[in-house]
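Here is a guided walk through one model. Please look at the fold as a whole before turning to single residues.

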Amino acid sequence: MRVVTVFFLSALLPLSLPQRDAFTWLYGNQGSGYSVSALLPETRGRECPDECDCPPSFPVAMYCDGRGLTAMPTIPSRMKYLYLQNNAITAVPDSALVNATNLVWLMMHYNQLTSDAIGKKAFLKLERLERLYLQHNNLTSIPSNLPRTLRDLRINNNKIKKVTPADLGGMDNLTVLYLHDNAVMDMGTSLKALKSLTLLDISGNKLTKVPEALPEHLHQLYIESNSIDSLPEGFLGRLTQLQYVRIAHNVLTDKGIPPNTFNVTGLVELDLSFNKLERIPTVSTTLQHLYLQANQIKEFTLGSFCSVVDVTNFSKLQTLRLDGNEISSQDIPSESSLCLRQASYIEV
């Protein structure tokens, strides 16, 4: 076990939190100069708008990304994959997608869409759509009548203030939902119907409490950078498949965390950094990575990791960050080498 004393807060960030997104290549921002179509032959297939590329080698895809478009192009009915990101499109009228009923992917991130300019029936006919990217627009609400076939919905970095049950109702297939960096204050029971959801990112909003009825199949939950000061009783007890939890950059206090909230098996990584905790909460011996930097912790309580300390009872913790608190390496008891015998990184 290695103890490192660090006094600088500039590097107080988790080291091994999981990669959230495998599609970064697809939606680089407008200023990057990157275009998906730049990698494709400059040839067009049959029935292709002049402003887009429809490669004969991939006739069901239409690449219109980064073309300076301000309006929706005409979409041939054969298209399954439509790339419209990095443009200046302001509206999706009801008629824009009526001929595009075979679409499986629709990429419209980094445009200038507003909620008022999206028709109530704009997405109604897209009964095969699985992936919809609307992030980095100017939306104030989730569009109406989204396809119930969606598996991946990304609507982060907009101006959405509220999410209602009607917005997400019937989406039994949705597994990924990115709603982070909006202005959401209330979600009510809107997540209850998402039976297949495994990744939920609602960080960077204005939430003051954890949303009700979290989907029971969640694997990753990100709610950092909100204004949450307490957690509900049995917060994680029903979420037996949850492995990664981020609640950093909130206003959690010891009083707001019920006993044994995090003493649940299955949890692999827990980030509680940048809160107002004064004690180390009790965690399961199966937890592998714990981030508590930049709190107000005054004591190293070994019982938070091991209720019994001996040769056969020990924590599986590998990473522990406590830097930026009110303790030092001298506060770590000598018997911690037994309890935390698998820890390869402890920073105080």
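Leaving aside neighbours within four places in sequence, which residues is leucine 177 in contact with? They are Leu153, Leu168, Leu191, Leu194, Leu197, Leu199, Leu200 and Asp201. Contact here means heavy atoms within 4.5 Å.

Some ground rules come next. This is a predicted model, where local features need pLDDT of at least 70 and side-chain atom pairs count only at pLDDT 80 or more, while totals for chains, interfaces and linings use all residues. Residues are numbered from 1 along each chain as its sequence is written, and side-chain values use heavy atoms, with hydrogens and water left out.

Now the overall picture. The protein chain holds two helices and 14 strands. Both are DSSP runs numbered from the N terminus: helices are H or I with at least four residues, strands are E with at least two. Of the 348 residues, 51% count as buried. Buried means under 20% relative accessible area, exposed over 50%, and partly exposed in between, with a 1.4 Å probe and protein chains only. Among contacts with a separation of 6 or more, 48% come from residues 24 or more positions apart.

The largest nonpolar core has 88 residues. Leu97, Leu106, Leu177, Phe300 and Phe305 have the most contacts inside that core. Apart from it lies another core, of seven residues, among them Ala61, Tyr63, Tyr83 and Trp105. A nonpolar core is a set of buried Ala, Val, Leu, Ile, Met, Phe, Trp, Tyr and Cys residues joined through side-chain atoms within 4.5 Å. In soluble globular proteins, nonpolar side chains tend to be buried together.

Turn to the loop between strand S9 (220-222) and strand S10 (244-246). Isoleucine 223 is found in this loop. Isoleucine 223 counts as buried because its relative accessibility is 1%. Leaving aside neighbours within four places in sequence, isoleucine 223 is in contact with Ile202, Ser203, Val210, Ile228, Phe235, Arg246, Ile247 and Asn250. Its C-alpha atom is separated by 8.4 Å from that of leucine 200, 23 residues apart along the chain. Glutamate 224 has its place in the loop between strand S9 (220-222) and strand S10 (244-246) too. Glutamate 224 counts as buried, at 10% relative accessibility. A polar contact of 3.3 Å joins its side chain to that of arginine 246. Such a contact is a pair of N or O atoms within 3.5 Å; within protein, one must be able to donate a hydrogen and the other to accept it, and residues adjacent in sequence count only if both atoms are side-chain atoms.

Aspartate 167 sits in helix H1 (residues 165-168). Is aspartate 167 buried or exposed? It is buried, because its relative accessible area is 17%. The side chain of aspartate 167 reaches the backbone nitrogen of threonine 164 at 2.8 Å. Not counting residues up to four places away in sequence, aspartate 167 touches Ile142, Arg148 and Lys162. The loop between strand S4 (105-107) and strand S5 (131-133) contains tyrosine 110. Phi of tyrosine 110 is near 55°, a positive value in a residue other than glycine. Most residues other than glycine have a negative phi. Tyrosine 110 counts as buried, at 16% relative accessibility. Serine 115 lies in the loop between S4 and S5 as well. Serine 115 is buried, with a relative accessible area of 15%. Its side chain reaches the backbone nitrogen of serine 141 at 3.1 Å. Not counting residues up to four places away in sequence, serine 115 touches Asn138, Leu139, Thr140 and Ser141.

Alanine 294 has a positive phi of about 60°, although it is not a glycine. Its place is in the loop between strand S12 (289-291) and strand S13 (319-321). Alanine 294 is buried, with a relative accessible area of 15%. Glutamate 299 lies in the loop between S12 and S13 too. Leaving aside neighbours within four places in sequence, glutamate 299 is in contact with Ile280 and Ile327.
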